[in-house]
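Hello,

Here is the structure I said I would pass on. My notes follow below it.

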Amino acid sequence: MDHRSEWAPGLLAEVDQHAAAVRDILIHSHHGLGPVELADYARGVEDVARDRGWQPGTNDWVSLRLAGVCLLAMTDGVMASIADGDAALS
């Protein structure tokens, strides 16, 4: 089920940008884009943010970054093969 169409266009654009950044970070660090790698990345972001006093509930950088990770996880082809440093997400 695709709920992205219910998001405000500006918000979806921000989440898309965060998803692209996470994808690039994981690809360039040779970690891959599987569910384990995405979960590890999200846990790291959340741990650091909570250590700095962050709490969920707003459209701040941390929440948008975690939404980007979720968007990647929901994308068909997230388990796509990575060749030549690029992911071929469908």
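**Salt bridges**

Arg43, Glu46 and Arg50 are linked in a network of salt bridges, a salt bridge being a side-chain nitrogen of Lys or Arg within 4 Å of a carboxyl oxygen of Asp or Glu. Before the details, note that this is a predicted model, in which local features need pLDDT of at least 70 and side-chain atom pairs count only at pLDDT 80 or more, while totals for chains, interfaces and linings use all residues. Residues are numbered from 1 along each chain as its sequence is written, and side-chain values use heavy atoms, with hydrogens and water left out.

Helices here are DSSP runs (H or I, at least four residues), numbered from the N terminus. Arg50 is partly exposed, with a relative accessible area of 43%; on this scale buried means under 20% relative accessible area, exposed over 50%, and partly exposed in between (1.4 Å probe, protein chains only).

The count comes to 3 salt bridges by this rule. One of them joins the side chains of Arg23 and Asp24 (3.4 Å, N to O). Arg23 is partly exposed at 25% relative accessible area, and Asp24 is partly exposed at 32%.

**Arg65**

What does the side chain of Arg65 do, given that Arg65 is buried yet has no salt bridge? The nearest side chain of opposite charge, Asp24, is 9.1 Å away, where Lys and Arg count as positive, Asp and Glu as negative, and His and the chain ends are not counted. The Arg65 side chain makes polar contacts with the side chains of His18 (3.1 Å) and Tyr41 (3.0 Å). A polar contact is a pair of N or O atoms within 3.5 Å; within protein, one must be able to donate a hydrogen and the other to accept it, and residues adjacent in sequence count only if both atoms are side-chain atoms. Leaving aside neighbours within four places in sequence, Arg65 is in contact (heavy atoms within 4.5 Å) with His18, Ala21, Val22, Ile25, Tyr41 and Val45.

Arg65 lies in helix α3, which covers residues 61-74. At 1.5 Å a residue, the 14 residues of α3 should span 20 Å, and the end C-alpha atoms are 20 Å apart, which agrees; the expected span is 1.5 Å times one less than the number of residues. The buried residues of α3 include Val62, Ser63, Leu64, Leu66 and Val69, and what covers the buried residues of this helix includes α1 and α2.

The largest nonpolar core has 18 residues, and Val22, Leu26, Leu38, Tyr41, Val62, Leu66 and Val69 have the most contacts inside it. Such a core is a set of buried Ala, Val, Leu, Ile, Met, Phe, Trp, Tyr and Cys residues joined through side-chain atoms within 4.5 Å. Elements giving two or more residues to this core are α1 (9-28), α2 (35-51) and α3; α3 gives the most, with 6 residues.

Beyond four places in sequence, Val62 touches Val45, Ala49 and Trp54, while Ser63, buried at 16% relative accessible area, touches Trp54, Gly57 and Thr58.

Regards
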